[in-house]
Each structure stands twice: as structure tokens, then as C-alpha cells.
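Please open the model in your viewer and keep the selection tool handy. We will go from stop to stop, and at each one I will say what to pick and what is there.

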Amino acid sequence: MKPFSYVRPADAKAAIAAAGTEGASFLAGGTTLIDLMRLEVMTPSAVVDLGRLAMTAIERAGDGVRIGAMARNSDVAMHPLVVERYPLLSQALLAGASQQVRNMATVGGNLVQRTRCPYFRDLAVPCNKRAPGSGCSALDGYTRSHAILGTSPSCIATHPSDMCVALAALDAVVHTRHGSRERAIPIGEFHTLPGEHPEVENVLGQGELITHVELPASPFAAHARYVKVRDRAAFAFALAAAAVGLDIADGRIRGARVALGGVATKPWRSAEAEQALVGQPPARATFERAAAAAIVDPKPRRDNAFKVALAQRTIVRALELAWGSP
Amino acid sequence: MSSMTTPIAVGMVAPSFALHGDARRALSSSEARGRPWVLAFVRRWSPGADTEAIRAELRGLGAILFIVSDAGVWSFRPDDDLELSIAPSRQLRREIAALGARCGVGTRDDGVLVVDDAGIVRFAHAPSSELTSSLADALDAAGRELLGLPTRPGITRRDWAVMSLVAGFGLVLFHGCGGRGTEPAAPTTVVAKPGTEIEVVLRINGQDRRLKIDPRTSLLDALREHLALTGTRKGCDHGQCGACTVLRDGHAVNACLTLAVAAEGAEITTIEGLARGDRLHPLQAAFIEHDAFQCGYCTSGQIMSAVALLREGRSKTDDEVRQQMSGNICRCGAYPNIIAAIQAARKEV
């Protein structure tokens, strides 16, 4: 691990000031940062520890819920407000990582979680995300875990988060502070596609602090499901995951949410699938049409072509379970 | 503290109380309504890093917590947010002094009362001031004492809830409070320059350990290389194997992914902190009884995860236990016996 200066600010203002210099990084739960610092994939000059900041509250905000950026994944997943109003988020969080990691990882940290692409983590090979302009080793490499949606010739790394897929389906809003400026970023605009700059993963500026995430009132609590398909039943990243919500009235789907994980370079909301569901009766045929519509212009590679069909079947399964069929 | 009434003792019907201060709405024990409750006098407490830990604790136990401190009176409900119920005032101080006297707690002392769902006092700790320094230890010891009664027949759900309350709060509530060695972290910015060592105080197994370390030092390396606590194992050093699992404020975490300097102010429990003298923790005994290991390298991590699992109490079926234990890898494949040991230890306590 490269040497760094350690800063433990007492409040948000001091944290933002300390992280304003190029090369500084916030430390939240540490489950990504410390891991990647030990590999020397990340080499921050300063580590700004947010552990003393009181940003852990999970509380009502009108008909929605407001979650502090330093709230632990396990606490969010088990919180009665989340379990009751946003079961999708609770399920997605519990599908991620291990109990130890969930006890450490935070909501803010999860939003800026880095990819698990093995080439990103391997200093011996080129990677545009780690060393911009050096090339992408995945393109001609082993691509079983890689993305089929949102890729570019520079990068095909999968976004690893489960939580963010649920947040995408739930129209979460990320609140940040930077100096005296505060802004509210819709989750769909928070993460960026790799394009020619895969080293940029979100719209945050240097030293911009995520303070909390707000979830608007959701009509999907009664019919929501997160389904994650992976190589083993626990502590593994998704090959494909679907977060879905249905709002059903009078035998018809009044509103729908479909978001995908494990197959795209960012948490992937599918407006096409949602359109295919709205107005239709909840039924297997409807779900299959939505699943087919969800995968638009995929770019499968040698080892991950199976993800097209897998993602579609995952969507169908999630919709069936959300609807309540066995 | 002298008082006109008999001090509260274990087995008595709990005192009902109502605190008004200058608030419009009184805070009263009737709010517990058939739930267990805890009345804690923690003079120097204020909401901080441990708030979420306390909330998590309550959530698992369905209890209500009243905290009386110099900064006011708070109530914690398991399903709700922390609420400052009554702001400090002269009137409130008088009421608190009177309530303290009824509970046998002096005006400057810390103390705690645990009341079960039938309204009976199940645990009372009201130290004289010279004993205040050991409040957390006393709570912790009392919790373990209760937990270590595996042979007592007919232990009820109610007993279990009370034990969990006592043990749980021993771990989280009194950390950094009440005149113990560790001061709560000063609310100032701490800075260490690259390549320089920083002085930290870690609270390990109930003891403050002062050490000078490079800020890069993981909690795992601090334990093993600086404090000679080698029971915590290094496996992958990347948070994937669970061999380094320790408890942080009662919850399982990977010590390899924790910077030691960032663990300052937290209550860390390692495998060395489980046994009491020669008496093994029920889970340690169960792992031996059920032959829950072969080479033993992963065992301390497995046991620490299991301690947190039983304390949190959510995972009950074998499948739920497997899921919660999935962050602990055993290359010998002792999983069936590990599950059996955990389920057996659950029955014992």
C-alpha cells in the first residue's frame, strides 16, 4: 500500500475541504477502497475518513425515506421503514456481499463502488479504467463476467452493485454537498457510461460529498422483487440481476419498474421493458414480451453471450415472483 | 445515594416514572406497553457514532430504551428514530435526581435498569462512584454470566430477551462513556502525514491499547503484529475469506479491510475476548463438541461470525445460518458441523 495522509474530519465542512485536493479520497466503509489500495489499484494521496460524520440516520421524508450516506448496508436492509416501503432495496442489499461486508459498507460508498473486472484489479495488464489510454485487456480476454449493455471500445467492465440496481428501479435521488453548494442528482444521471473515459464513473466532482439518498414514495412495495443469478448462492457477484416492481390495479399493470444488474456498465433501467408492461394484464406472456424488449442492441462477446438469454429469463422470473406466481 | 424508598432490586416490579422537564409531553414508562425496556443513566452520553449500533440492537430485541444524560432525555423505539424527548432544564434535573434516588443511582453516577415485558426488573446496576469505571465491564460480565447458564432448564424467550439486552448494551451503549479509560473521540480533525506514525488508542476486549502505527496498518495487522493477539487469522487479506472476522461494536467485520486508525473509538472483540478464564464461550465449547473444524485456520473467524449471528438473533433455520455465515470460508469443508455447532449453542443459551 502506498503511503497517504490520513485525515479524520469532525464535520462535513472539514471533510469536503480536506478532500478537495487532487488525489484525495473519502473513506467510508473501506470495503472497496482498502482492498484496492492494498492492490495499489487505487493510490490516494490523502484518505479522508468519514467515520466521525453523523450521516447514518434512516428516516421518513414525507411519504418517502431519507437514508444517510454513512448508513451501513446491513442496517438499511433491516430497517423497518425500508423493509415495509422498499422491500426491493432490502432484498438487493441482502443479496450483496457477506454479512461482514454489509456491516461495513455504506450507502454512499456503494454508489461509488468500483468494478470487479479482473483486469482492472491486475496491475500487470493494461486497463483504461485504471490507467487511462493504456488499452482494454478484457476485449480479447476472458469475458464471462463482463457487460453486454452500455459498453464501449474502451471498456466492457460490469457495474458490480446490487444496491444501485434497486435504487435505479426506485427513482432514488443522490444528494451531495460541495463547498456551500448542494445538489440533488437523479440516480439515472449519477453513473456515467464508459465511452472514451472509463476512468470517470460518475458525475461527482473532486471533494463532492454524498450526504444522503432520498427515495420517493413508491407504489411498488406490494409487488417487488430482486432476483440475482450467480455462480453460487451467496457472496458472489451477479451474472445477471433484475429489480422489478409492479403496480397492479383492476387486473392490469398500472405502472412498472425494471432495472438490470450484472450485465451493464452502469445500473441499467429499462424504459422499453416498462413500456411493454404498462396497460397489460400480469401474465407470463406479458413478462416475456417485456424481457425481450429490455435487451436493446446488446454487445455480447465470446464468453458472455449467454447473458442475453440469462438477463431475459431473470427478468421474467423476477416479474413472476413480484406478481406472486409460484 | 441515600433515599427514602428501598432501592430497586432484581425481581421487583419496575418503578413507573414520568419525566416532564419543561416539555409539553411527558416521557413515561407506560410507553413501553408490554415491551421490555431499559432505563440507562449515562451522564456523558450524546447521540454519536454509537447511535446506529444502539438502534440496530433495539431492532433485534423489540425493546424501548430511555437514556438519561446531562444533555437531556432521549427515547429510542426499535422501529423509530432517536428522539430527544426532553431538553435539559432545572425542572428536569430535579426529576432525574428523584428518579435516580428511587433507582439507587447518585446524581453523578451511571446506572442501568433492564425491565422485562412483564414489568419485572431483571437487571439493575447502580455502582457507587468508585465503581463507575467498570460499568461496561460489569454489564458485560453480567451478560456473559447469564449467557453462560446453559444447563439451567426451562429458559424462556423472556430470559433470552433480557440476556440479550444486557449483553448487547454492555457492548455498545457504554462504550466511551462514564469515566472509563477511553475518552470519546475529540471532535477535532485528526491528521497524519504520509510516512509518519500516528498514536491511536484501540479498545480491544474491554482494554484500552495504546500504540503508534503507520496509518496504513490494518486492524488485522495491528492485532497480530503490534498487540500479539494472533488468534485473529490472516487468510486472503481482501475481505473474501472471513478468517480475520472480529466484532466491531458487536457486529462482525473484516479486520483486514479496516484501517486500525479508523477503528479508534470502536469496541473491538476478538476470539481472545470470548472465554472467561478457563470457561469457554458456549460457541467455543460447541465447536469442540461438534468437531466443527479440521485444520482450524478459519475457526476463530467462524466463531466470531457465529457470536454475532446468535446475538443478532435473526438467522434461525440452517439455510439462514448458512447465508449469514457465507463470508467465512472453510477449505476443509467442515460446514455441516459448523452449522450443527451454531444451532446447538443457540439451544444452550
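Predicted model: local features only at pLDDT ≥ 70, side-chain atom pairs only at ≥ 80, totals over all residues.

## Stop 1: where the chains meet

Residues are numbered from 1 along each chain as its sequence is written, while chains are lettered from A and ligands numbered from 1 in the order in which they are written.

Now widen the selection to strand 1 (residues 5-8) of chain A and strand 9 of chain B, which run antiparallel and are joined by 3 bridges. Two strands pair here if DSSP finds at least two bridges between them. Helices (H or I, at least four residues) and strands (E, at least two) are DSSP runs, numbered from the N terminus.

How many residues does each chain give to the contact? Chain B gives 40 and chain A gives 35, where residues are in contact if their C-beta atoms, placed from the backbone, lie within 7 Å. On the side of chain B that touches chain A, the elements giving two or more residues are helix 1 (51-61), strand 9 (190-192), strand 13 and helix 8 (318-324) of chain B.

## Stop 2: a sheet in chain B

Stay with chain B, which has 9 helices and 14 strands. Select its open sheet of 5 strands, in the order 11-10-14-12-13, with mixed pairing. Strand 11 (207-213) and strand 13 (251-254) of chain B stand at the edges with a single partner strand each, so one side of each has no neighbour in the sheet. From one strand to the next, the twist averages 40 degrees (axes are lines fitted to C-alpha atoms, for helices over the stretch in contact, and angles run from 0 to 180 degrees between N-to-C directions).

Next, pick helix 7 (residues 299-312) of chain B, which packs on this sheet and touches strand 12 (245-248) and strand 13 of chain B. Its direction makes about 30 degrees with that of strand 12 of chain B.

Inside the sheet, strand 10 (residues 198-204) and strand 14 (residues 267-269) of chain B pair in the parallel sense over 2 bridges. Click on B:Arg203 to find its bridge partner, B:Glu267, in strand 14 of chain B.

## Stop 3: a sheet in chain A

Over in chain A, select the open sheet of 4 strands ordered 9-10-11-12, with antiparallel pairing. Its edge strands, strand 9 (224-229) and strand 12 (268-269) of chain A, each pair on one side only. Strand 10 (residues 240-249) of chain A is joined to strand 11 of chain A by 9 bridges, and A:Ile248 stands opposite A:Ile253 in strand 11 of chain A.

Helix 12 of chain A lies across strand 9, strand 10 and strand 11 of chain A, at about 35 degrees to strand 10 of chain A.

## Stop 4

Which residues of helix 11 (residues 284-294) of chain A are buried? Select A:Thr286, A:Phe287, A:Ala290, A:Ala291 and A:Ala294. A residue is buried if 20 or more other C-beta atoms lie within 10 Å of its own, exposed if 12 or fewer, and partly exposed in between, with C-beta atoms placed from the backbone. Look down the axis of helix 11 of chain A: the buried residues fall within an arc of 135 degrees, so they line one face of the helix. That arc is taken from the directions from the helix axis to the C-beta atoms. Covering these residues are, among others, strand 11 (252-261), helix 10 (271-277) and helix 12 (306-323) of chain A.

Key
Contact = placed C-beta atoms within 7 Å.
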